[in-house]
Amino acid sequence: MYYQYKHQFQQALVEWFKKEKRDLPWRKTNDPYKIWVSEVMLQQTRVDTVIPYYERFLSEFPTIRHLADAPEEKLLKQWEGLGYYSRARNLQAGVREVVENYNSKVPDSRPEISKLKGVGPYTAGAVLSIAYNKAEHAVDGNVMRVLSRVLLIEEDIALPKTKKTFENAVMKLIDPIHPSEFNQGLMELGAMICTPTSPKCLLCPVREFCTAFNEGNPEKLPIKTKKIKMKHIPYDVYVVRNTKGQFLIEKRPEKGLLANMWQFPMIEQKTDTGTTNEMKLAEQYSLNLLSREKLTSFKHIFSHLTWHIESYFVNCEEQQIIPDNCQWFTVEEMAALPMPVPMQKVWQCYQIESTNL
């Protein structure tokens with residue numbers, strides 16, 4: 001296309017988006033806070049999954065001040081199940097900066113909004129273009145896929161430096177009058193038409209401008225090197241109940257994977273030791289184990305890590321001293337704790353099996 005037909009490209013894309021866009025809740029507002037929330041939730045997460053979370057989240061935290069004032073545990077409970085919990089913490093940290101430094105108004109310039117915690121180039125551009133109708137690039141995976149095919153860009157999109165190529169391309173192509181619809185149109189096109197495999201080229205509104213389509217090989221683009229090798233760790237997870245009917249739950253460290261989330265005791269399976277994990281459980285948590293029953297087995301996949309989980313229900317007599325990061329909770333108290341998805345799966349299995357245990 002070499003940009004000579006950019007006005008026709010802009011018009012075709014914007015008109016298509018206005019006519020064909022999906023009815024999504026964050027498209028019914030220009031509130032930069034609400035758009036910011038949606039963009040953070042949509043990172044690494046499917047649209048259908050995000051919708052109920054988005055609606056519940058904004059029901060609980062309807063304004064930027066509500067989120068800024070919320071305790072972290074309440075925030076994590078609302079985020080429970082979405083994963084990538086650092087997104088939620090960074091969102092709240094950024095929101096607090098807006099309250100403190102910008103009188104609760106999300107900045108409307110890239111230099112200022114980019115200073116906020118957790119706001120990278122894509123999120124900044126998305127909020128600026130969608131909420132403030134600013135002609136700013138917002139390059140995500142969908143946009144890179146579409147433009148790699150339209151412009152025949154053969155650079156490796158797995159390399160961070162390549163994103164600059166696509167940001168420059170967007171700034172050359174963007175519709176200065178309709179930047180919101182233009183950027184959302186690129187994203188929507190990548191999500192619905194210009195898909196990674198089997199792109200629906202015959203339905204594409206910008207097909208005539210697409211170099212890869214005209215050359216007959218759109219599926220060969222974008223070029224992306226393979227991800228790093230997945231790490232696998234086996235764990236035993238224990239639902240531990242004492243004689244009072246309380247359950248032992250521990251809080252994860254303040255930093256790292258699933259920071260500050262609550263979990264059942266989990267011990268890595270190791271074959272090079274003469275000590276069983278039940279012995280380790282009793283020793284590390286000061287427990288007198290009475291019985292053990294198998295619950296369920298499954299694997300949980302993170303971006304570069306897979307947990308292989310064997311879970312058990314354990315009856316015990318508790319001692320007076322347990323680790324500082326642990327507490328005994330009733331079933332009712334547990335309902336308020338933010339727990340990661342693997343622990344929710346284990347708990348759901350226990351609740352189903354509890355009548356037989």
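The legends below describe close-up views of a predicted model.

Residues are numbered from 1 along each chain as its sequence is written. Local features need pLDDT of at least 70 and side-chain atom pairs count only at pLDDT 80 or more, while totals for chains, interfaces and linings use all residues, and side-chain values use heavy atoms, with hydrogens and water left out.

**View 1. Arg87 in helix α6.** Arg87 belongs to helix α6, residues 86-101 (helices are DSSP runs of H or I with at least four residues, strands runs of E with at least two, both numbered from the N terminus). Arg87 is buried and has no salt bridge, the nearest side chain of opposite charge being that of Glu39, 9.8 Å away (buried means under 20% relative accessible area with a 1.4 Å probe, protein chains only; a salt bridge is a side-chain nitrogen of Lys or Arg within 4 Å of a carboxyl oxygen of Asp or Glu).

**View 2. Surroundings of the Arg87 side chain.** A polar atom of this side chain lies 3.1 Å from the backbone oxygen of Val40. Neighbours within four places in sequence aside, Arg87 is in contact with Val40, Met41, Gln43, Thr45, Trp79 and Leu82 (contact means heavy atoms within 4.5 Å).

**View 3. Strand β6 and its partners.** Of the 14 residues of β6 (residues 305-318), ten are buried. Strand β1 (residues 231-241) pairs with β6 in the parallel sense over eleven bridges (pairing requires at least two DSSP bridges between two strands), and Pro234 has His308 in β6 as its bridge partner. Strand β5 (residues 287-301) pairs with β6 in the antiparallel sense over twelve bridges, with Leu289 opposite Cys316, and three residues lie between β5 and β6 in the hairpin that they form.

Conventions: Buried < 20%, exposed > 50% of the residue type's maximum accessible area, 1.4 Å probe, protein only. Lys, Arg positive; Asp, Glu negative; His and termini not counted. Polar contact = N/O pair within 3.5 Å; in protein donor to acceptor, adjacent residues only side chain to side chain.
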